[in-house]
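Here is a short briefing for a first look at this structure. Keep the sequence and the 3D view open as you read.

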Amino acid sequence: FEKGKKTMSFASDLRAADQTEKLMNKIDQLSGDFLEKNQVLRTGTKMAARADRNMAGQGIEVGSWGKVSGMNVLTNGGDGLLGSVSANKIEAGDTGEGTTESSIEVDTQVKGEQEERIMIVCDDKDKNFKRVMARFEELLSEKFPNPVKIDTYNPASIIPMGGNNAQCCIVASTSLSNGQSSAENILGRVLKRTLAPGGGGVSKPPTHLVVVSPVGTERIEVFPYSMQNMMGGKLKKAREVEESFISTVKGRFIADSSVPSLDYTILKLGDIVDDEKIASGKDGVMNIQPGDSLDGKVGVEAAANTLLQAVVLQPNARNATLSVVGAMGKNDAMEQDVWADWFLRLDGPELWRSEVLVLGDKDLERKFEELASYVEQWSDRFKKGAKGTGLTTPVSVVPSRFGKGNDAPNVLRKFGVRLEFKQTKTGAAYKTASEEKELESNQPGNNSPISNLRQKREGGIEILVEEVKAGGKNELRVRAKRCNMDDNTAVKEMSEETILKRVREAVEVWKKQQ
């Protein structure tokens with residue numbers, strides 16, 4: 001009996017081992033087939049993520065949705081783009097930063113395979129926000145040739161894993177009562193890849209995250225926002241939501257090239273009211289500016305139209321924060337060129353622009369050349385170092401380089417110079433003797449691995465002379481915007497203000513000479 005028992009056990013082990021081997025072979029075969037089938041998709045996704053790391057919105061180019069860091073972002077229909085830039089086609093060209101990348105085309109998502117869908121997360125109690133979203137849906141249906149599915153969820157409900165295959169997720173920051181923790185919970189579910197409903201594939205989480213907030217979330221120490229924040233810390237929690245979304249995008253953007261890069265947009269609205277109530281007063285003047293920089297009220301129509309532009313139509317709204325106040329009439333259709341010029345302020349962002357210097361003059365071409373030459377000569381004063389310029393940080397004077405196309409459709413031609421801050425051995429750049437020794441040991445020619453060879457961007461200001469078309473007439477203007485920036489660049493406010501002051505003075509002198 002014992003001998004038979006051992007024999008049966010041995011035979012059972014052999015059968016189990018045989019079945020295990022067959023199962024593992026089957027898994028290996030399925031895995032191999034899956035990887036082979038998706039090789040092009042995975043390769044394209046990685047290439048898009050690498051390209052997207054250099055993204056710096058550069059406006060719209062005719063024939064494409066827009067130009068991002070010299071790359072044409074193409075779509076297969078409609079006037080807008082849902083999802084992140086890297087989740088759509090990118091054709092590389094001149095980056096505008098002094099380098100030219102080889103011409104490639106990346107297609108990580110073929111439009112038509114995925115239903116166009118937007119997810120909205122907001123509290124039912126926020127009536128004004130829901131009015132804005134209702135008008136937004138109407139405007140969206142007018143802009144897209146195919147219907148866009150809108151899924152609305154209460155933050156207290158069960159948010160579907162993977163965002164229900166939506167390309168874009170819009171969240172009302174004031175609806176997330178617990179601030180950061182609520183935002184992280186929602187992001188954890190929305191960005192989670194899982195099996196698609198009904199099986200047959202893996203879900204595609206949203207790649208464009210939009211947060212709609214009230215103005216003042218970055219100014220809670222300033223009246224009247226300090227008073228608004230006293231009751232429950234509403235503005236502070238809204239800011240926590242914004243920061244959670246931004247940090248999630250930047251973390252995924254930098255660290256995980258196997259996942260399509262994400263885009264974010266933070267849209268800050270004034271107090272939401274009916275447009276008619278403020279249209280005739282000073283609060284009714286429409287205005288869009290970078291960052292948390294405006295105060296006042298915003299009409300439902302103005303807010304919905306701005307949200308539409310930020311979500312699907314304006315490249316410069318990607319990975320940017322903007323504020324909007326003012327009113328629009330429901331039948332007051334605004335030219336797309338005007339919207340593009342407003343959103344152009346987000347590129348950099350813009351720090352200053354002059355009033356119209358020359359309008360509809362028959363000698364406009366000659367005056368453009370004169371103004372461009374004047375700005376170029378003016379910039380020479382900074383080539384000899386910081387001494388005598390009032391700057392606390394020396395700069396390099398570099399001619400601006402522009403890729404194919406313009407920043408906006410109304411910009412006819414432009415000239416520019418870049419005042420790029422030089423690296424100094426102060427502040428974050430200071431190194432101890434041991435750190436300098438370690439850096440020297442990592443230079444080429446030594447046996448140690450090369451590290452940190454890419455020079456840190458120190459920031460700067462680009463001065464642009466532009467001829468633009470506005471109201472049927474051509475005009476000249478000068479703009480100043482930040483340049484040579486990345487996430488680790490410290491803003492040099494004192495030096496920036498000195499440069500802006502000098503630019504304003506120089507432009508005023510040129511204007512008086514005309």
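Start at isoleucine 170. Leaving aside residues up to four places away in sequence, Ile170 touches Ile118, Met119, Ile120, Val121, Met133, Phe136, Val210, Val212 and Val311. The model is predicted. The points below move from this residue to its core, then to the helices, then to the protein overall.

**The core around Ile170**
- The largest nonpolar core holds 42 residues.
- Ile170 is among those with the most contacts inside this core, along with Ile118, Phe136, Leu140 and Val311.
- Several strands give two or more residues to the core: strand 5 (117-121), strand 7 (168-172), strand 8 (208-214), strand 9 (263-269) and strand 13 (320-325).
- Helix 3, helix 8 and helix 9 (336-343) also give two or more residues.
- Helix 8 gives the most, with 10 residues.

**A separate core**

**Helix 3 against helix 8**
- Helix 3 spans residues 127-143, and helix 8 spans residues 300-313.
- The two pack at an angle of about 50 degrees, with their axes 8 Å apart.
- That angle makes helix 3 oblique to helix 8.
- Their crossing is right-handed.
- On the helix 3 side, the contact uses Arg131, Val132, Met133, Arg135, Phe136, Leu139, Leu140 and Lys143.
- On the helix 8 side, the residues include Val300, Glu301, Ala303, Ala304, Leu307, Leu308 and Val311.
- The contact residues divide into 13 nonpolar, one polar and four charged.

**Helix 8 against helix 9**
- Helix 8 also packs with helix 9, at an angle of about 75 degrees and with the axes 12 Å apart.
- That makes helix 8 roughly perpendicular to helix 9.
- Here Asn305, Thr306, Gln309, Ala310 and Leu313 in helix 8 meet Gln336, Trp339 and Phe343 in helix 9.
- The residues of this contact split into four nonpolar, four polar and no charged.

**The protein overall**
- The protein has 514 residues, and 46% of them are buried.
- Its secondary structure comes to 12 helices and 19 strands.
- Take the contacts between residues at least 6 apart in sequence: 73% of them join residues at least 24 apart.

Methods:
Residues are numbered from 1 along each chain as its sequence is written. This is a predicted model: local features need pLDDT of at least 70, side-chain atom pairs count only at pLDDT 80 or more; totals for chains, interfaces and linings use all residues. Side-chain values use heavy atoms; hydrogens and water are left out. Axes are lines fitted to C-alpha atoms, for helices over the stretch in contact, and angles run from 0 to 180 degrees between N-to-C directions. Helices (H or I, at least four residues) and strands (E, at least two) are DSSP runs, numbered from the N terminus. Angles under 35 degrees count as roughly parallel, over 145 as roughly antiparallel, 65 to 115 as roughly perpendicular and the rest as oblique. A crossing is left-handed if the near helix is turned anticlockwise from the far one by less than a right angle, and right-handed if clockwise. Contact means heavy atoms within 4.5 Å. Ala, Val, Leu, Ile, Met, Phe, Trp, Tyr, Cys and Pro count as nonpolar, Asp, Glu, Lys and Arg as charged, and the others, Gly among them, as polar. A nonpolar core is a set of buried Ala, Val, Leu, Ile, Met, Phe, Trp, Tyr and Cys residues joined through side-chain atoms within 4.5 Å. Buried means under 20% relative accessible area, exposed over 50%, partly exposed in between (1.4 Å probe, protein chains only).
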